[in-house]
Amino acid sequence: MGGVGKLTVGWKEGCRPLIGVDDTFLKGKSRGILLTAVGVDGDDSLYLLALGLVEKENALHWSWFLQWLWKSPDLVNGTC
């Protein structure tokens with residue numbers, strides 16, 4: 001099982017059924033916008049579920065990221 005598979009199994013087994021999304025601007029050698037999706041585990045710690053790097057923040061890039069997240073069968077299925 002790959003790294004992403006292990007993340008989704010961990011989320012399903014120990015996190016609350018809530019996904020938060022956010023972004024941050026990257027400065028320095030790497031430039032762009034880092035889009036992230038996180039869950040919260042039983043100890044109130046953030047649990048990284050997905051990330052994406054895009055050139056700029058806009059509706060098209062957010063749509064791409066959220067559609068990818070929504071299509072992940074192990075993450076968005078209505079159960080924890």
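A: Buried means under 20% relative accessible area. Over 50% is exposed, and partly exposed lies in between. One caution: this is a predicted model.

Q: Okay, phenylalanine 65: buried or exposed?
A: Phenylalanine 65 has a relative accessible area of 1%. The cut-off is under 20%, so phenylalanine 65 is buried.

Q: And tryptophan 64? What does its relative accessible area make it?
A: Tryptophan 64 is at 45%. That falls between 20% and 50%, so tryptophan 64 is partly exposed.

Q: How many aromatic pairs are there in the structure?
A: Two. One of them joins tryptophan 62 and phenylalanine 65, and that pair is edge-to-face. The centres are 5.9 Å apart, with 80° between the planes.

Q: Where do tryptophan 62 and phenylalanine 65 lie?
A: Both are in helix α2, residues 59-71. They are three residues apart, about one turn of the helix.

Q: Why is the pair of tryptophan 64 and phenylalanine 65 called tilted?
A: Look at the angle. Planes under 30 degrees apart count as stacked and over 60 as edge-to-face; the rest are tilted. The planes of tryptophan 64 and phenylalanine 65 are at 50°, so this pair is tilted. The ring centres are 6.4 Å apart.

Q: Which residues form the aromatic cluster?
A: Trp62, Trp64 and Phe65 form one cluster.

Q: New topic: the sheet. What is the order of the strands?
A: The order is β1-β2-β3, in an open sheet with antiparallel pairing. β1 (20-26) and β3 are the edge strands, each pairing on one side only. From one strand to the next, the twist averages 25°.

Q: Where does α2 pack?
A: On the sheet, where α2 touches β1, β2 and β3. The direction of α2 makes about 135° with that of β3.

Q: How many bridges are there between the strands?
A: Seven join β1 to β2. As examples, glycine 20 has valine 38 in β2 as its bridge partner, and valine 40 stands opposite leucine 46 in β3.

Q: What about the hairpin of β2 and β3?
A: Five residues sit between the strands. Aspartate 44 takes a positive phi there, near 60°.

Q: Last one: threonine 36. Which residues is it in contact with?
A: Threonine 36 lies in strand β2. Beyond its neighbours within four places in sequence, its contacts include Gly20, Ala50 and Phe65. Threonine 36 has 19% relative accessibility, so it counts as buried.

Terms used
Residues are numbered from 1 along each chain as its sequence is written. This is a predicted model: local features need pLDDT of at least 70, side-chain atom pairs count only at pLDDT 80 or more; totals for chains, interfaces and linings use all residues. Side-chain values use heavy atoms; hydrogens and water are left out. Rings of Phe, Tyr and Trp (its six-membered ring) pair if their centres lie within 6.5 Å; planes under 30 degrees apart count as stacked, over 60 as edge-to-face and the rest as tilted. Helices (H or I, at least four residues) and strands (E, at least two) are DSSP runs, numbered from the N terminus. Buried means under 20% relative accessible area, exposed over 50%, partly exposed in between (1.4 Å probe, protein chains only). Two strands pair if DSSP finds at least two bridges between them. Contact means heavy atoms within 4.5 Å. Axes are lines fitted to C-alpha atoms, for helices over the stretch in contact, and angles run from 0 to 180 degrees between N-to-C directions.
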